[in-house]
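Open the model in your viewer and keep the selection tool at hand. We will walk through it one stop at a time.

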Amino acid sequence: MPVALHNRVHMTRTPDVVYDYVTQPWRWHEWHPNSRSASHSDTPLLPGSSFDEVIAVQPLAPLPWTLQRQTRYVVEQAQRPSLWQVRGQMRDGWLVIRY
């Protein structure tokens, strides 16, 4: 069954600055509580680019048991400063992130 999760983060910066920040997955841990690490790239992540991320989730919160999830992403769309979309594939599913 598909599940949709929506998350809002308020950033008081210009669209260009926000786009440049959120399209750097290696910085996601600075503002997304589940992100633990992501591969680093010195070039912009454009359509076809890929990267890996490790997230930690607590499926039985508030119990302290944590799962580490490895996800491989491919950038599907990149239209600076208004749209950046990636599709992630993990062992038991997939997800789409759209900024």
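**First stop: the core**

Select Trp 28, Leu 45, Phe 51, Tyr 73, Val 75, Trp 84 and Val 86: of the 13 residues in the largest nonpolar core, these touch the most other members. A nonpolar core here is a set of buried Ala, Val, Leu, Ile, Met, Phe, Trp, Tyr and Cys residues joined through side-chain atoms within 4.5 Å. Buried means under 20% relative accessible area, exposed over 50%, and partly exposed in between, with a 1.4 Å probe and protein chains only. Now colour helix H1 (15-22), strand E3 (67-79) and strand E4 (83-90), each of which supplies at least two residues of this core. The largest share, 3 residues, comes from H1. Helices (H or I, at least four residues) and strands (E, at least two) are DSSP runs, numbered from the N terminus.

Before moving on, please note that this is a predicted model, in which local features need pLDDT of at least 70 and side-chain atom pairs count only at pLDDT 80 or more, while totals for chains, interfaces and linings use all residues. Residues are numbered from 1 along each chain as its sequence is written, and side-chain values use heavy atoms, with hydrogens and water left out.

Next, centre on Phe 51. Leaving aside neighbours within four places in sequence, Phe 51 is in contact (heavy atoms within 4.5 Å) with Pro 25, Trp 28, Ser 39, Leu 45, Thr 71, Arg 72, Tyr 73, Val 75, Trp 84 and Val 86.

**Along the helix**

Which residues of H1 are buried? Select Tyr 19, Tyr 21 and Val 22. They lie on the same side of H1, because they cover an arc of only 165° around the axis, taken from the directions from the helix axis to the C-beta atoms. The buried residues of H1 pack against E3 and E4.

E5 gives the most, with 6 residues. By class, the lining of the largest pocket has 20 nonpolar, 6 polar and 5 charged residues.

The second largest pocket has a volume of about 170 Å³. Of its 13 lining residues, select Tyr 19, Asp 20, Thr 23, Pro 44 and Leu 45, the closest to its centre. H1 and E3 are the elements that give two or more residues to this lining.

**Last stops: the loops**

Go to the loop between E3 and E4, where Pro 81 lies. A cis peptide bond joins Arg 80 and Pro 81, with omega at about 5°. From Pro 81, draw a distance to Thr 14: their C-alpha atoms are separated by 9.2 Å, although the two are 67 residues apart along the chain. Thr 14 sits in the segment before H1 and is partly exposed, at 45% relative accessibility.

Finish at Asn 34, in the loop between H1 and strand E1 (35-38). Asn 34 is partly exposed, with a relative accessible area of 26%. Show its surroundings: not counting residues up to four places away in sequence, Asn 34 touches Val 54, Ile 55, Ala 56 and Val 57.

Notes:
Nonpolar A, V, L, I, M, F, W, Y, C, P; charged D, E, K, R; others polar. 1 Å grid on protein atoms, 1.4 Å probe; cavity = no way out; pocket = protein on both sides within 12 Å on 5 of 7 lines; lining within 4 Å. Points joined across faces, edges and corners; volume = space filled by probe spheres on them.
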